[in-house]
Amino acid sequence: MAGIISRIKAFARSPQGRRLTEQGRRAAADPRRRAQARQALSRLRGRRH
């Protein structure tokens with residue numbers, strides 16, 4: 001398990017990981033994307049019950 005976490009940390013520090021992190025932050029700041037994510041989560045939660 002520690003190997004997986006260290007790989008994730010290394011990826012997050014890499015240029016590609018930083019780029020993806022920044023893309024995620026920008027998407028999370030966009031109200032339209034946030035609404036899409038909320039709708040997707042509510043659909044998934046609705047299917048479980």
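The protein chain here has 3 helices and 0 strands. Along the sequence that gives the pattern α-α-α. Please keep in mind that this is a predicted model.

First, overall dimensions. Taken along the principal axes, the C-alpha atoms of the protein chain fill a box of roughly 35 × 30 × 10 Å. The accessible surface of the chain comes to about 4800 Å², and carbon and sulfur atoms account for 55% of that surface. As for burial, 2% of the 49 residues count as buried.

Next, the helix packing. Two packed helices are described by the angle between their axes and the distance between the axes. So what are those values for H1 and H2? Helix H1 covers residues 2-13 and helix H2 covers residues 15-29. They pack at an angle of about 80°, and their axes are 4 Å apart. An angle of 65 to 115 degrees counts as roughly perpendicular, and H1 and H2 are therefore roughly perpendicular to each other.

Which residues meet in this contact? From H1 there are Phe11, Ala12 and Arg13. On the H2 side they meet Pro15, Gln16, Gly17, Arg18 and Leu20. By class, the residues of the contact of H1 with H2 divide into 4 nonpolar, 2 polar and 2 charged.

Now the charged side chains. Side chains of opposite charge can pair when their charged atoms come close. How many salt bridges does the structure hold? The count is 1. That salt bridge joins the side chains of Arg26 and Glu22, at 3.9 Å from N to O. The cut-off for a salt bridge is within 4 Å.

Where do the two partners sit in the chain? Both are in helix H2, and because they are 4 residues apart there, about one helical turn separates Arg26 from Glu22.

Glu22 counts as partly exposed, at 36% relative accessibility.

Definitions and conventions:
Residues numbered from 1 in each chain as written. Predicted model: local features only at pLDDT ≥ 70, side-chain atom pairs only at ≥ 80, totals over all residues. Heavy atoms only, no water. Axes fitted to C-alpha atoms, helices over the stretch in contact; angles between N-to-C directions. Helix = DSSP H or I, 4+ residues; strand = E, 2+ residues; numbered from the N terminus. Parallel < 35°, antiparallel > 145°, perpendicular 65-115°, else oblique. Contact = heavy atoms within 4.5 Å. Nonpolar A, V, L, I, M, F, W, Y, C, P; charged D, E, K, R; others polar. Buried < 20%, exposed > 50% of the residue type's maximum accessible area, 1.4 Å probe, protein only. Areas by Shrake-Rupley, 256 points an atom, 1.4 Å probe, with all protein chains shown as cover.
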